[in-house]
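The structure comes first, and the description follows.

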Amino acid sequence: MKLAALLLLAPFAALAQTKPAPLLPPADPRIQKLVDEISAKNLEADIRKLVSFGTRHTLSDTQSPTRGIGAARNYVRDEFLKYSKAGGSRLIVEMDTFTVKPDGRRINKPVLMANVLATLPGTDPTDTRIILVSGHIDSRVSDVMNATADAPGANDDGSGTVLVMELARVLAGQKFPCTLKFVAVQGEEQGLYGSGHLAERAKKEGWNLIAMLNNDIVGNSHGFDPVINDATRLRVFSEGVPANETPEQAKQRRQLSSENDGISRQLARYAQRTGQLYGKGHQVVLEYRPDRFLRGGDHTPFNQQGFAAVRFTEMNEDYTHQHQDLRTEKGRAYGDVTEGVDFAYLRRNAGINLATMASLALAPAAPTKVEVLTADLTNRTQLRWQAPATGPKPASYVVLVRETSAPQWQQRYPMAGTTADLPISKDNFIFGVASVDAAGHESVAVLPVVGR
């Protein structure tokens with residue numbers, strides 16, 4: 001064996017007396033079947049329909065049946081209703097309306113906005129968890145206040161909107177223990193108004209929202225400046241330190257040096273691992289930032305409310321297709337048109353989202369009160385935890401282990417009970433504990449706090 005390989009394995013040599021499981025949980029054929037049902041043809045048809053409304057600017061027409069944000073919202077609502085009927089009428093569809101007053105920035109008049117929301121209720125009354133997937137339905141051109149010019153918004157964010165629609169179509173007839181929500185939010189380009197409203201509603205109504213997957217600009221595989229073509233990777237952005245961190249949580253973070261292990265970062269890791277199971281070579285790339293430079297997205301209000309929320313975005317953006325008036329300059333076409341979308345790439349990105357949602361929904365809830373015991377000076381690691389507070393009791397648990405400098409989990413150890421005693425030093429590794437059901441579905445990992 002080469003020296004580099006030996007060095008990589010060396011930190012885990014002390015675990016030889018324990019029995020590690022494969023690094024990833026087993027794949028579920030049911031989830032793979034659902035991923036395979038996602039249709040590039042449907043995604044393309046829905047984007048072309050959204051583009052046909054001319055503009056979906058938040059301040060555009062709401063009365064016309066063929067042009068403006070109102071017509072686009074109605075289209076998504078009507079499609080959700082079709083999916084519900086085809087799936088046994090379990091999908092609950094609503095226009096979640098709210099009024100935004102002039103803000104002196106990007107809202108110049110009172111605006112009645114609406115998020116188009118579809119809810120697939122969970123089948124287990126003891127399982128309160130909610131999983132949300134989103135895209136924003138509004139579009140814009142170069143002048144963010146231009147509400148009349150054609151603003152196709154094919155990729156920004158027609159791609160995210162139709163991804164949400166296609167997931168709702170595929171999953172509408174399925175049954176999961178917990179609740180799934182699918183939403184096309186309004187007002188992203190004017191200041192994250194739709195997602196801000198929904199995040200505040202989730203907080204006020206006490207949603208047990210365990211994951212928010214925001215999809216914004218996920219349909220283009222051809223970057224510009226420089227020219228890069230990449231149809232095999234999808235970025236996921238996540239915050240490491242929670243935006244609403246309390247002083248006590250900050251103290252624990254400094255004690256554990258866990259700035260790369262907030263709940264949103266753990267959700268991003270989960271999505272990457274899920275992609276390895278169901279992505280068929282399509283890679284999820286972890287980005288250790290909440291978002292791109294000088295940009296924002298609909299996951300941010302959810303982070304601010306304390307929820308685990310991440311942003312999926314294509315690997316290489318083409319800025320000539322974002323926030324641009326339709327025009328040609330020096331032989332280059334500008335504008336967010338349908339021709340800029342790679343529908344096969346978008347289909348694979350939709351598959352990552354569906355697999356992540358379904359894997360989370362079928363898994364038990366995450367364990368609670370996870371602790372690493374530090375009372376004794378020892379080179380071993382002792383962990384303890386409690387069963388989830390919601391849903392059925394897990395069949396078992398796994399302890400995930402990685403070096404302090406590693407971005408992703410490197411070892412996985414099954415545990416029958418709610419304690420673990422590993423023959424390696426807690427000072428040299430990061431640990432996480434996840435719940436597992438009898439079929440092998442695994443929850444997001446929970447990092448331990450210091451216990452005695």
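F80 and Y83 are both buried, where buried means under 20% relative accessible area, exposed over 50% and partly exposed in between (1.4 Å probe, protein chains only). The model is predicted: local features need pLDDT of at least 70, side-chain atom pairs count only at pLDDT 80 or more, and totals for chains, interfaces and linings use all residues. Residues are numbered from 1 along each chain as its sequence is written, and side-chain values use heavy atoms, with hydrogens and water left out.

A search of the whole structure gives four aromatic pairs. Rings of Phe, Tyr and Trp (its six-membered ring) pair if their centres lie within 6.5 Å; planes under 30 degrees apart count as stacked, over 60 as edge-to-face and the rest as tilted. Two of the pairs are listed here.

| Pair | Centre to centre | Angle between planes | Type |
|---|---|---|---|
| F53 and Y75 | 6.1 Å | 55° | tilted |
| F80 and Y83 | 6.3 Å | 65° | edge-to-face |

F53 lies in the loop between α3 (40–51) and α4 (69–86), while Y75 is in helix α4, 22 residues apart, and the pair links distant parts of the chain. Helices (H or I, at least four residues) and strands (E, at least two) are DSSP runs, numbered from the N terminus. F53 counts as buried because its relative accessibility is 4%, and Y75 is buried at 14%. F80 and Y83 both sit in helix α4, three residues apart, about one turn of the helix.

F80 also belongs to the largest nonpolar core, which has 68 residues; F80, F182 and F312 have the most contacts inside it. Such a core is a set of buried Ala, Val, Leu, Ile, Met, Phe, Trp, Tyr and Cys residues joined through side-chain atoms within 4.5 Å. Helix α11 (residues 343–362) gives the largest share of this core, twelve residues. A second, separate core of 15 residues includes V372, L383, M415 and F429. In soluble globular proteins, nonpolar side chains tend to be buried together.

H136 is buried, because its relative accessible area is 0%.
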